[in-house]
Amino acid sequence: MALSDLPVAGAAEEEAEGEAPARGAALEAFGESAEIRALLGRLRAVHGEREAREVVEERFRVIMDKYQEQPHLLDPHLEWMMNSLLDVVRDKTSPAALVHLAFKFLYIITKVRGYKVFLRLFPHEVADVLPVLDLCAVQSPTDHETWETRYMLLLWLSMTCLIPFDFSRFDGNLLAHPKEARVSTMDRILHIAQAYLAVSDKARDAAAVLLSRFITRPDVKQRKMADFLDWSLCTLARSSFQTMEGVIAMDGTLQALAQIFKHGKREDCLPYASTVLQSLDSCRLPESSQTLLRKLGVKLVQRLGLTFLRPKVATWRYQRGCRSLAANLQLCTPDRSEQKPLEVPSESDEDYDVPDGVESVIEQLLVGLKDKDTVVRWSAAKGIGRMAGRLPRALADDVVGSVLDCFSFQETDKAWHGGCLALAELGRRGLLLPSRLEEVVAVILKALTYDEKRGACSVGANVRDAACYVCWAFARAYEPQELKPFVTAIARALVIAAVFDRDVNCRRAASAAFQENVGRQGAFPHGIDIVTTADYFAVGNRANCFLVISVFIAGFPEYTQPMIDHLVAMKICHWDGDIRELSAKALHNLAQLAPEYSATQGLPALLSMALSSDLHTRHGAILACAEITYALFKLAAQRDRPVTDYLEEKVVQGLRQIHQQLCERQLYRGLGGELMRQAVCVLVEKLSLSRMPFRGDSVVGDWQWLIDDTLRSLHLVSSHARQQIKDTAVAALAALCCEYYVKEPGEACPAAQEELIPRYLAELQSPEEMARCGFSSALGALPGFLLRGRLQQVLAGLTAVTRSSPKDASFAEARRDGLKAIARVCQTVGVKAEGPPEDAVCTENVAQVYAALLDCMGDYTTDSRGDVGSWVREAAMTSLMDLTLLLAQTQPMLIDAYVCERLMCCVAQQASEKIDRFRAHACHVLVTLLHFDSPPVPHVPHREELERLLPRSDVASVNWSAPSQAFPRITQLLGLPTYRYHVLLGLAVSVGGLTESTVRHSTQSLLEHMKGIQEDPQALWSFSETLLQVFEDNLLNDRVSVSLLKMLDQVLANGCFDIFTAEENHPFCVRLLALCKEEIKKSKDVQKLLSSIAVLCGMVPFCGDVRKKVLLQLFLLLGHPFPVIRKTTASQVYEMVLTYTDVVAVDVLDEVMAVLSDTACLVPVEASPGSPGACAAGRSCPQPSAACPPGTAPGPKLLPDVLLTSGRAGGLAALSASVEQMCFP
């Protein structure tokens, strides 16, 4: 082992310290020892049964995989597991399948624990060499089912190569019988290893391990090392990384060479190092697209470099000394601090010639630091560290300088990342001397904020993460006195990265590095306080970092200004819009901690950026200007001072001119115009809230134009940004009106009122849906003094928007926003029972408002987007709740009993429908209205029963969006007459829906309710009347009727109305049959017809003439023009006849069954029964469980002509006559 790979002083202590958290995980020991013994003991019994073998293997994998994160727990048990499996292998009577299974189990253990640990446990006595070698020889490299066997055998063979005896002793006297072709043991091992270097499975890796141990043996290296290296170089020369075969061959060869130069003695490998390096250069591996080949190339290069250099520990390296954290904290006290002086290297240590190949190696490793793949850069960084540890001080310093050249802004992010990894390795090994720290810290601080834009995103997260690793490594590598000059800069940079970085892994890496520095350096300002606040879990939430943790940290003066500067310089212009918005809000919070600095330094810088040519910079700067100004206003308001006391006149004018300058440069147009409109609307809102002295200024009119134009052109905005832009424009309008359109407190400016409201009402009739949405929301956001005297006009305009007409039926979003606006207007103007209808909600207009809201509860509009009417219903429910609670708190007498009943029934209907999200919202509204008690909502029907069914203590814990929890509670309302109709209407849609969980739980709840009323004929009759009324009211309404037919099928199939079958011609069945006939009359809806078939079959048990009519209807469907209807009817009638034996007379039963089972129902109507192709796709009318074989002649028919002449008068007459004669003789 190379000396540079040995752990430095205290490394074992560091490792134990670093693994402490992992060892404290949930698993504390290997707890499945007994089960594993049992599984291994069953191998002989199950190896021949595939199913049992797979069960045992899968269970073994599951147990082992539990210890992937804590494999050390397996160590005490590895030996007996291996011995148990090797006993199977060594048993001569074990079949091949059992041996392969044992090796597969060995591989599973190796995969979890790692081959390096597991390898040492293999038996490696002299007696093991030839048996293992013979086993390897009989394996087939092309058998892809047993690759685990070959992998483990090669590892075992590599372990047997460690025996201290010459392999020639195994051969006896090879020359004694010259005619017999015998191969020496040495050659056999070499041939096997070489053969497996070119296979495509994992045995290739084991072959490389085998060769590294075999070739470096004293007896083998003299005879075979040169030949093997020649063979390897020839293999590399003739292989091409452009082909898969070449890649595999080069991979195995490079692995073997790297392992040989790692494990071999320097004096043995040195004669060949230059030749191998030259051959490797000719392979041009850096040009390969295969990451693994480039990584192995870098690995081999560094091993060659270490071979060139003498193995020694550099005496000039920096040594910190004791690295115990507890000891370090004790030494951090002023009276006990000490520093170990650097050892001055002697001239004999420094003055020696460096071989020529070292320069080439260093150059290739530096190139590897810039590779496009992380694993290659990481390998190169470790190589740089190892090489520098064997170089003289001057040359090692040159290497450090070359690494620092990677941190040029002409270099890519890959070079920066590789440079950071190399610096961390150099620092960790003590090869980065304190004299270089000033230069190194400077580039690391830049790397902590490295972020380069690439198209629509950026690169640099890996660089920032690696820079955090460097800071972490430095904390462990240097004495506090060495880093003391840089502590403040590093602390600020790490805090900024931990709080403001976009990527969570970088924030967590920075938090970990900061914590390491606090513990080991002990001089970070307010380190303990910050570590406890910005820990690993706290920095996981980005918004929490920007808006909460940043405020706490900025409370320490050392960090306040650097955090503001970073946000202004780096985050305000970030490519991610969320980061820009969060940064602006963070500046709002930080400005209150440093108002003078924000006003004098932050705002001027942001104003200059507000007109940048870069779109993102403009957007972020305008948002930040708005937020900082509003933050300064809050501070000024606390001291009863105007905001202008904080702002210079130049800044005030700069804020005023932003909109005008953007207009002049036409920056509101195009795709960038969306961001500019949103940012300026936020600016208008914040400046208005900050009471900037612009009253009477022309800029107010310009702002009003921008808001109106934005609302008017919402249809031109991309759909993902539309809602945000509308919301910001509406918020800006509300703030603008409150500040600049008021004449006296509570009194509107007449000119503004006369102009604004009529214009907005006119825009409500726009042919563009989004314009209606925008201006509806704008009217809802107007302050009360502007609405006063115009309330009726506004309500009438908004009510018109909520009405659906054929021309604008698809304008669901406009109706939704109109409903929200109505509720918001009512809340704004307030309630006065006897007040004028133009000023407040009162007796004269409350009915109009309720009518508009309740009418929208029946909006079930659908289009290509789905049930868009659900948006309207949701908004209607919310608005009804808000208005009702407002009236209950102020004027309860305005809530009419009929209105309250209708409201509760409509909400109950929505609470029983099929869409989970809207059902949950409806349940929330229902429970809120029911349990509101300040004061209670008057006239709630069945309040006491509802409170008993939906108690306050239970509803809080119910997940109403889960069908399993919602439907059992909502179906209880079926027992309340007032709610039964609407709940049943909603349940019909749910029971007949498509979602499996909704259908299952709603059906189960409905059947449970009906089971509970079976003993109460009056309740059952009342339920049936309501059910038929729902059907009658929704005839030919496909949204309800199809689902209702499915629900009726479930109810009838489960015998819920069996009590009615005893009475002949029961009114329920008569009315139901009439409704079904009316529903399917002339219908071509296949789903509706299929559902009606099931319902008609479910009505057969009813007695009297109604049964004849039901059967007649079914036999009419047997002659339907649609083949699928004929087939389904025949199948269900067949099952019905089998179920109800009294339907058909016994003497004709066989004939009826034959007709139903044998008639070719899928035959087209125009074809004759016996013509070719009579059965569609070769099929004929099936029985319920099987189809007639293709080509067989149909059986005897009773009604073939009827079935083929459906729709003709003669056929219908024949069908009726046949039914009378056959079923009712």
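What share of the contacts between residues at least 6 apart in sequence join residues at least 24 apart? In this protein chain, 73% of them do, where contact means heavy atoms within 4.5 Å.

**View 1. The whole chain.** This is a predicted model, so local features need pLDDT of at least 70 and side-chain atom pairs count only at pLDDT 80 or more, while totals for chains, interfaces and linings use all residues. Residues are numbered from 1 along each chain as its sequence is written, and side-chain values use heavy atoms, with hydrogens and water left out. The chain holds 59 helices and 4 strands (DSSP runs numbered from the N terminus: H or I of at least four residues for helices, E of at least two for strands). Of its 1225 residues, 54% are buried (buried is under 20% relative accessible area, exposed over 50%, partly exposed in between, with a 1.4 Å probe and protein chains only).

**View 2. A closer look at Lys 262.** You'll find Lys 262 in helix α13, which runs over residues 244-263. Lys 262 counts as partly exposed because its relative accessibility is 30%.

**View 3. Asp 451 and its contacts.** Asp 451 sits in the loop between α22 (437-447) and β1 (452-454). With 26% relative accessibility, Asp 451 is partly exposed too. Setting aside neighbours within four places in sequence, Asp 451 touches Ser 458, Val 459, Arg 464, His 574 and Trp 575.

**View 4. Asp 451 and Trp 575.** These two are 124 residues apart in sequence, yet from C-alpha to C-alpha Asp 451 and Trp 575 are 10.0 Å apart in space.
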